[in-house]
Amino acid sequence: MIEIAWSNFTPWSALAGGILVGLAAASFLLLNGRIAGISGILGGLLTPLKGDIAWRVAFMLGLVGAPAVWLLAGDMPAIEINAGYPALILAGLLVGVGTRYGSGCTSGHGVCGLSRLSLRSLAATLSFMATGFITVFVIRHVLGV
């Protein structure tokens, strides 16, 4: 039986966050002509081209600095991670490999690609989601972790 933790059901903050992500992605595309795919932006810093570094650094600083801005308004929400460091490291490596293999991440394909009606992004997003569903099912119901 599945139990729903209604105390974690926060539709208004989720809606507000989704609207902000959508506006940021649309603004980034309209103002810069670029897709706000985090893996591509970070990857461009690892192999930089002249004149293509400043905006990438500014974007990444914005991602890292956003929690600091949040702290000006209030406390950070409590975060609970029920996994050890080996599992987190393995998960991070798998996400990195999947991002390279899929030519993008969830922000690039799921947010920006789907909004542009990209069939490639649809296939990638369906693959991300199906893999996530299967992984959670296997870990929780088959392995019982």
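**Overall fold and two residues in context**

The model is a predicted one, in which local features need pLDDT of at least 70 and side-chain atom pairs count only at pLDDT 80 or more, while totals for chains, interfaces and linings use all residues. Residues are numbered from 1 along each chain as its sequence is written, and side-chain values use heavy atoms, leaving out hydrogens and water.

The protein holds six helices and zero strands (DSSP runs numbered from the N terminus: H or I of at least four residues for helices, E of at least two for strands). Along its principal axes, the C-alpha trace spans about 55 × 40 × 30 Å. Among contacts with a separation of 6 or more, 31% come from residues 24 or more positions apart, a contact being heavy atoms within 4.5 Å.

Helix α4 (residues 85-101) contains T99, which counts as buried because its relative accessibility is 15%. Leaving aside residues up to four places away in sequence, T99 touches S39, G104 and C105.

Helix α6 (residues 119-142) contains F137. With a relative accessibility of 47%, F137 therefore counts as partly exposed.

Methods
Buried < 20%, exposed > 50% of the residue type's maximum accessible area, 1.4 Å probe, protein only.
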